[in-house]
Structure formats: C-alpha cells, structure tokens
Amino acid sequence: MLNVIILGTGNLAQQLCHALSKVDMVQLVQVYGRNPNHLVWFETYTATTSDVKQIHDADIYLIAVKDTAIAEVSGHLQYKNGIVAHTSGATPMDVLCAQNRGVFYPVQTFTKGKMMHFDEIPICVEANNPQVLEKLTTLANSLSQTVCELHSEQRMQLHLAAVYTNNFTNLLYAIGEDICLRNNIPFELLYPLIDETAAKIKRMSPSEAQTGPARRGDSTSMDQHLKILSEPQQQEIYTLLSNAIKAKYEEKL
C-alpha cells in the first residue's frame with residue numbers, strides 16, 4: 001500500500017485524485033490547497049487541509065500546481081521522509097528540495113470536468129535514486145499501461161513536442177473555426193478531416209502523411225488563400241507554415 005498526498009487543487013490535481021481513489025494499492029491520505037474553497041471538491045475523496053503545518057506524513061507527495069509555484073510548495077515538504085514529486089513537463093527535477101525527489105508527469109491535456117482514463121495516458125517518471133524510481137514507477141504502473149523513464153532534459157524536449165502537437169495545433173483549429181464562423185459555414189464539417197488526420201499518424205509518420213497545397217507546390221491555391229485571409233496575423237501564420245512545408249519537401253516536388 002502506498003500512502004499518497006496531492007498538493008494542489010487545479011485540474012490535474014482533480015484528475016489524479018479521481019484516478020488514484022480507484023487504485024487498490026493506493027491510500028489517498030490528503031489533499032492540500034491554499035484556498036479552502038477550492039478544497040470542497042476533494043472532500044468526498046479524502047481529508048483536506050489548507051494549513052501547511054497540517055500536512056500528514058505519506059510515502060509519496062504529488063505536487064500538482066503551476067510550474068512557478070513548485071519550488072515554494074516543495075519547500076514546505078523539505079523535512080518530510082516521503083518522496084516529493086512534481087507533475088510538470090517543463091520543470092527540472094532539481095527544483096525540488098526534498099532528499100527523496102522525482103517527477104511524475106502524465107503526458108496529456110486535461111479538460112475541466114472530464115475525468116480521463118489514466119490507463120491510456122503515458123506517464124513519465126524520473127528520480128534521484130533507484131529506490132525513489134521504483135516507488136514512482138510502481139505508482140505509475142498502477143494507473144497507466146505506458147510508463148517511461150525520462151531525465152529532465154528529455155522531458156523538456158517531450159514537453160516542447162507536446163506544445164507543437166497540442167497547443168499550436170489547437171490554435172490552428174481556432175483559426176479554422178473563425179474562418180468558418182465568419183463565412184457562415186458549420187465548423188463541424190471539418191470534424192471527419194480532423195479525426196482522419198489524427199488517425200493517420202498512427203499508421204505512418206507525420207512526415208509521410210503531409211498533404212496540402214504547400215506540399216504539392218500549388219502556388220495558385222496558396223495565393224488565393226492569402227487574398228481571402230482578412231487578418232494580417234492569420235496571413236503571417238499561413239505564410240510561415242506554408243514556407244516551412246515547402247522547404248521541407250521542395251526536393252520532392
């Protein structure tokens with residue numbers, strides 16, 4: 001049995017609380033958060049506290065707060081004997097001041113109110129010694145079918161890749177939606193295209209899957225698109241991405 005405490009009350013903290021509460025080998029001891037009002041959601045799962053002096057002892061402390069607050073929260077746990085692990089993709093492990101420290105990073109975007117199936121979410125772990133790694137890996141395996149050990153530099157690179165494949169892609173979805181809305185076109189018409197684009201890269205590499213006017217060298221279509229884009233920023237993004245695609249594939253045109 002692993003005794004676990006979650007520090008944080010945001011979206012990821014809720015997801016972890018919900019998921020860990022269903023694991024037989026985990027005892028969710030407590031959730032800590034600075035704002036008592038934000039702790040109300042967690043009270044049906046376990047004990048809560050907003051007082052750092054009342055944080056219980058545990059085998060593992062999972063810090064699920066914004067990146068800029070990780071070091072501060074970690075400071076409250078520096079004299080604890082348990083493992084202190086943060087859940088960030090972009091923060092080095094060594095910002096933690098605990099003797100036994102590590103990282104427990106779920107590679108997923110989380111939506112407020114939608115509880116995720118953690119067995120489908122890769123979890124990346126890191127630790128400062130083999131004993132910590134073993135415990136964090138055990139905890140990760142209790143939730144996920146995919147557990148991977150990455151050091152801090154690798155995890156930062158993975159987080160960067162995630163920004164490209166999720167955050168930047170979502171911005172492009174938003175631009176596509178804006179174009180549709182301004183022209184009285186249902187954005188839902190693009191759902192099958194979005195689904196197939198995502199499914200295709202599970203069958204082949206993204207480089208092989210690339211299509212579109214820039215990939216074909218269709219300058220006529222690209223010129224027409226730029227003419228009907230009314231916002232300069234959208235024109236700039238279109239040009240930048242088209243040029244990047246052309247540069248990547250120009251030898252094959």
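Student: Which residues lie nearest the centre of the largest pocket?

Tutor: In this predicted model, the largest pocket has a lining of 47 residues. About 2,700 Å³ of space lies within that pocket. Those nearest its centre are T169, L172, Y173, T197 and Q210.

Student: Which element provides the largest share of the lining of the largest pocket?

Tutor: Two or more lining residues come from each of α4 (152–182), α5 (191–200), α6 (206–209), α7 (213–216), α8 (219–228) and α9 (232–249). The largest share amounts to 14 residues, and its source is α4.

Student: How many residues in the lining of the largest pocket are nonpolar?

Tutor: The lining is divided by residue class, with Tyr counted as nonpolar. There are 14 polar residues and 6 charged residues in this lining. The nonpolar residues number 27.

Student: How much space lies in the second largest pocket?

Tutor: The second largest pocket has 36 lining residues. L12, T87, Y105, Q108 and F110 are those nearest its centre. The space in this pocket is about 950 Å³.

Student: Which element gives the most to the lining of the second largest pocket?

Tutor: The elements that supply two or more residues here are α1 (11–20), α2 (70–75), β6 (101–106) and α4. With 7 residues, the element that gives the most is α4.

Student: How many polar residues are in the lining of the second largest pocket?

Tutor: Gly is counted among the polar residues in this division. The lining of the second largest pocket includes 15 nonpolar and 5 charged residues. Its polar residues number 16.

Conventions. Residues are numbered from 1 along each chain as its sequence is written. This is a predicted model: local features need pLDDT of at least 70, side-chain atom pairs count only at pLDDT 80 or more; totals for chains, interfaces and linings use all residues. Side-chain values use heavy atoms; hydrogens and water are left out. On a 1 Å grid over the protein atoms alone, a cavity is a set of points where a 1.4 Å probe fits but cannot get out, and a pocket is an open set with protein on both sides within 12 Å along at least five of seven lines; lining residues have an atom within 4 Å of a point. Grid points are joined across faces, edges and corners, and a volume is the space filled by probe spheres set on the points. Helices (H or I, at least four residues) and strands (E, at least two) are DSSP runs, numbered from the N terminus.
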